[in-house]
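Subject: Structure handover

Hello,

Here is the structure for your files. Please look it over before reading my notes below.

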Amino acid sequence: CDFFINADDQKDLFNHICRIIDTGCEWKGDIRRIDGSGETRWISQTIHPVFDENSKISSYRHIINDVTDRKALEELSVTDKLTSLFNRRYFDDVIEREIRQARRSESYLTLAIMDIDYFKRYNDQYGHPAGDEVMVKVSEVLMKILKRPDDYLFRVGGEEFGIIFSVTDRKDSYNLLEKIRKEIELLGIEHADNDVSPYLTVSIGARVYKSSDIPDQSQFYILADQSLYEAKKKRNNVVVL
């Protein structure tokens, strides 16, 4: 078993497997292994004991399959191909989990929705390939600013992005989102048909709740979307409620 587990952070998994099979039970699961070239491989393994005529364990049978390609497909299934951010499908899973976590820890949780201002006009004027480039550049700003383990970024559809993160209060949430808004405008991407700036800008709407005040998943999204609606009345704006 140890031969197939060579990643330093999986020693606990090795001990767990040994405890399971020592009791005469089968263990089945996926293990991450580093190959000779330093690449990560995923191995699906089934380990089960073989018993002698006295019902004692005489040996173990070990069946392995390389499932690296399957793991890659699983990652693709939750990732937006253009921006490399998580997609709307994964958003639904994460928001539900983060709500539960925030309620347990009695902490604040922010859900923000960000929209690129007048993006249809941008595509009409500069073309869809340029629009795709913009999406990538905006995503890179988000990833540069939001990189804590509990920060989550999503492309939820078209030119809309979803952002989930924990904060200490509403003011911290506003300051972080305002930093995102400024950094995107500072990219200096020309947008001649933008009514509020000569450059590409975004509008961001967010809701911040603490602990038991956090609404359910669908209502949380609706309320954040209403904040975005308020932000878009002015454009190049952040509204946190």
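This is a predicted model: local features need pLDDT of at least 70, side-chain atom pairs count only at pLDDT 80 or more; totals for chains, interfaces and linings use all residues.

Residues are numbered from 1 along each chain as its sequence is written, and side-chain values use heavy atoms, without hydrogens and water.

Strands S2 (residues 40-51) and S3 (residues 57-66) run antiparallel, joined by 9 bridges. Strands (E, at least two residues) and helices (H or I, at least four) are DSSP runs, numbered from the N terminus. Two strands pair if DSSP finds at least two bridges between them. His48 has Arg61 in S3 as its bridge partner. Between the strands lie 5 residues, and Ser55 takes a positive phi near 65 degrees.

Surface. Phe51 belongs to S2.

Cores. A nonpolar core is a set of buried (under 20% relative accessible area) Ala, Val, Leu, Ile, Met, Phe, Trp, Tyr and Cys residues joined through side-chain atoms within 4.5 Å. The largest has 31 residues, and Met114, Ile116, Ile163, Leu177 and Ile180 have the most contacts inside it. Helix H5 (128-145) is one of the elements that supply at least two residues each. H5 gives the most, with 7 residues. Another core, of 19 residues, lies apart from it and includes Val94, Leu109, Tyr152 and Leu228.

Best wishes

Technical notes:
Buried means under 20% relative accessible area, exposed over 50%, partly exposed in between (1.4 Å probe, protein chains only).
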